[in-house]
Amino acid sequence: QLHSDQDKGDGSLKYILSGDGAGDLFIINENTGDIQATKRLDREEKPVYILRAQAINRRTGRPVEPESEFIIKIHDINDNEPMFTKDVYNASIPEMSDVGTFVVQVTATDADDPTYGNSAKVVYSILQGQPYFSVESETGIIKTALLNMDRENREQYQVVIQAKDMGGQMGGLSGTTTVNITLTDVNDNPPRFPQSTYQFRAPESMPLNSPVGRIKANDADVDENAEIEYSITEGDGYDMFGITTDKDTQEGIITVKKALDFESKNLYILKVEATNTHVDPRFLYLGPFKDSATVRIQVEDVDEPPMFSRPAYIMEVKEDVPLNSVIGTVTAQDPDAAKNPVKYSVDRHTDMDRIFNINSGNGSIFTSKPLDRETLLWHNITVIAAEINNPKQSSRVPVFIKVLDVNDNAPEFAMFYETFVCENAKAEQLIQTLSAVDKDDSYNGHQFSFSLAPEAASSSNFTLQDNRDNTAGIFTRKTRYNRHETSTYFLPVVISDNDYPIQSSTETVTIRVCACDHRGKMLSCNAEALIHPTGLSTGALIAILLCIIILLVAVTVVLFAALRRQRKKEPLIISKEDIRDNIVSYNDEGGGEEDTQAFDIGTLRNPEAIDDNKLRRDIVPETLFMPRRTATARDNTDVRDFINQRLKENDTDPTAPPYDSLATYAYEGNGSVAESLSSLESVTTDGDQDYDYLSDWGPRFKKLADMYGSMDSDKD
């Protein structure tokens, strides 16, 4: 209540109020000065209000005292419960953690005044989750309260935490939150095989690296803590089998490392060990993190193909060996216990020329055709061995046959020698050096000897000198040569080798006599052929090329003119279905004997009925020719004569189309004694025909007589 000393109680003064909430939250009685609150006040919204009051003269409106300011403070009461910062908390800790391990901290706030009483003092407690977890009352820190919590037994926990104000006293307000706690895995469980012994079967024909079987050790852990490495620690099949780990299923896959043989060993016993790859040292006290099991693998017998004694055979044979000579033997046998007999053959795809053959019983290979080392040095064939009782069981082996050389080829010139000698040559002048080659092979190197043939040794105008280095030189024997007397000399040379048996050949050197200058350079003679390559001269080649160009231009002009001429005859019927390239079928049977409108044969007999002025509609006419009048055929003219006449006219017609045309005329012959029975000809007659004569022709025409006779009677 406000009161002024100037107020005498006669109502002359008036109290007014201004400031925070004046007229809204706070009102004043202008007569008595009582201040009242109109609404419920909330300290959490506004804790302090500042107001100003004044007394004024009601009549003049002037203040009678200075304005007064006063403060209204809102005292707090416990009207707000604690609120957690999250509705749900999520946390995780490793399993097997020690007691008191920190899990998570929860926080709750109270909107009440912390400086006034205990309204904002929050205390935490656990409502759900004991005896596994506990919470500190003042900090809200959640810790483990039970030792050795095992994830494999229980993985998820739900804890409910309460926050209460007033220091947890009676009458305090509270709020709750939920904490979801997950135990994460640690490697506290070793792998364990569900059984101690495993049995597998494997055929002896199983390919290498093929899986024999799978085994699996169980591990209660997850993720990397459950990863297992398998190994073969001991056993008689330690080097025959291997084991790998399937990363997806954590299974051990036993595979074949070496080829199995039932006849050698049919049972293998292995000891397989499974070990964790990530071991936690904290839990080693629980025992070794590995386990072992025994694996028995039974090898099954299968029918195997024959096996050769070697993976490949290499044989040698001289090229002059006689036919049917044995050059080597291959051996194969059935590895099975039955020891089935084996037969041999040569794969003819590797010996298309059938140069070799093989004894099917003992595997000896012999020649069936002559050999030539110079043609083919190596022969690579394949021999097949198959069981006689079961030919499907077969195997192959490559046989490499090397043909050894014998001296069966005579040496010969390394090239064709054609040289020249100058007319003014001097005696003992070198004009050509010769060399030779031999197709045969020489282990110590070739040694050739050169000499003139006996018939030319004494009478030749040239001499030959063997250089003893597989070359020889041709020298002049006299001083001058005359090309007009002898233009060409043919010098026979004998070449021999020094191998056994000695082979020799006679080669010819062509020597032309030419005119030379003082330095020995050829000037002219028939030796021009030696320095100019055989062929046409440049001028001749140019002339031929010009002729070809002129011919191409002429052909182009002719084709262009022909195309322009063809365009003038462009068909009037512009359609994809050209009348010359298509066959149009009319499958119309007609109206029978009574159909007299289908075809008028009278037109065919009467040429005057044809309109000669009709033009072709499929091409554009170049010139309108005058219509040609053909001679009118007599009434008794035979159809054959008419057709022949038309054919002759078409052959001699200058306006005929430039392409082939087909004109078809149906002709059934000269007729019979009974004349035509067809009704097609009746259209040319003026009246109806009389068919009564059909009755006189006998029983074969009785049906026709009944048909046409009945028609006449119907008309009557």
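Phe-133 and Tyr-157 are both buried in this predicted model. Their rings form an aromatic pair of the edge-to-face kind, with 5.6 Å from centre to centre and 75° between the planes. Phe-133 belongs to strand E11 (residues 133-135) and Tyr-157 to strand E13 (residues 156-164), so the pair ties together parts that are 24 residues apart in sequence.

| Aromatic pair | Arrangement | Centre to centre | Between the planes |
|---|---|---|---|
| Phe-133 and Tyr-157 | edge-to-face | 5.6 Å | 75° |

Lys-46 lies over the face of Tyr-49, 5.7 Å from the ring centre, and Lys-265 lies over the face of Tyr-268, 5.5 Å from the ring centre.

Next, let us visit a sheet. Three strands form an open sheet in the order E1-E4-E5, with antiparallel pairing. Strand E1 (13-19) and strand E5 (68-73) stand at the edges with a single partner strand each, so one side of each has no neighbour in the sheet. On average, neighbouring strands of this sheet are turned by 30° against each other, direction ignored. E1 pairs with strand E4 (residues 48-57) over seven bridges in the antiparallel sense, and Ile-16 stands opposite Gln-54 in E4.

Phe-400 lies in strand E30 (residues 394-404) and, at 29% relative accessibility, counts as partly exposed. Trp-378 is 22 residues from Phe-400 in sequence, yet the C-alpha atoms of the two are 6.9 Å apart in space. Beyond residues up to four places away in sequence, Phe-400 touches several others, including Tyr-313, Met-315, Trp-378 and His-379.

Ser-505 is found in strand E38 (residues 504-516). Its relative accessible area is 15%, so Ser-505 counts as buried, the cut-off being under 20%. The side chain of Ser-505 reaches the backbone oxygen of Pro-411 at 2.3 Å. Leaving aside neighbours within four places in sequence, Ser-505 is in contact with residues including Ala-410, Glu-412 and Val-494.

How values were computed:
Residues numbered from 1 in each chain as written. Predicted model: local features only at pLDDT ≥ 70, side-chain atom pairs only at ≥ 80, totals over all residues. Heavy atoms only, no water. Pairing = 2+ DSSP bridges. Helix = DSSP H or I, 4+ residues; strand = E, 2+ residues; numbered from the N terminus. Axes fitted to C-alpha atoms, helices over the stretch in contact; angles between N-to-C directions. Buried < 20%, exposed > 50% of the residue type's maximum accessible area, 1.4 Å probe, protein only. Polar contact = N/O pair within 3.5 Å; in protein donor to acceptor, adjacent residues only side chain to side chain. Contact = heavy atoms within 4.5 Å. Phe/Tyr/Trp six-rings, centres within 6.5 Å; stacked < 30°, edge-to-face > 60°. Lys NZ or Arg CZ within 6 Å of the ring centre and 35° of its normal.
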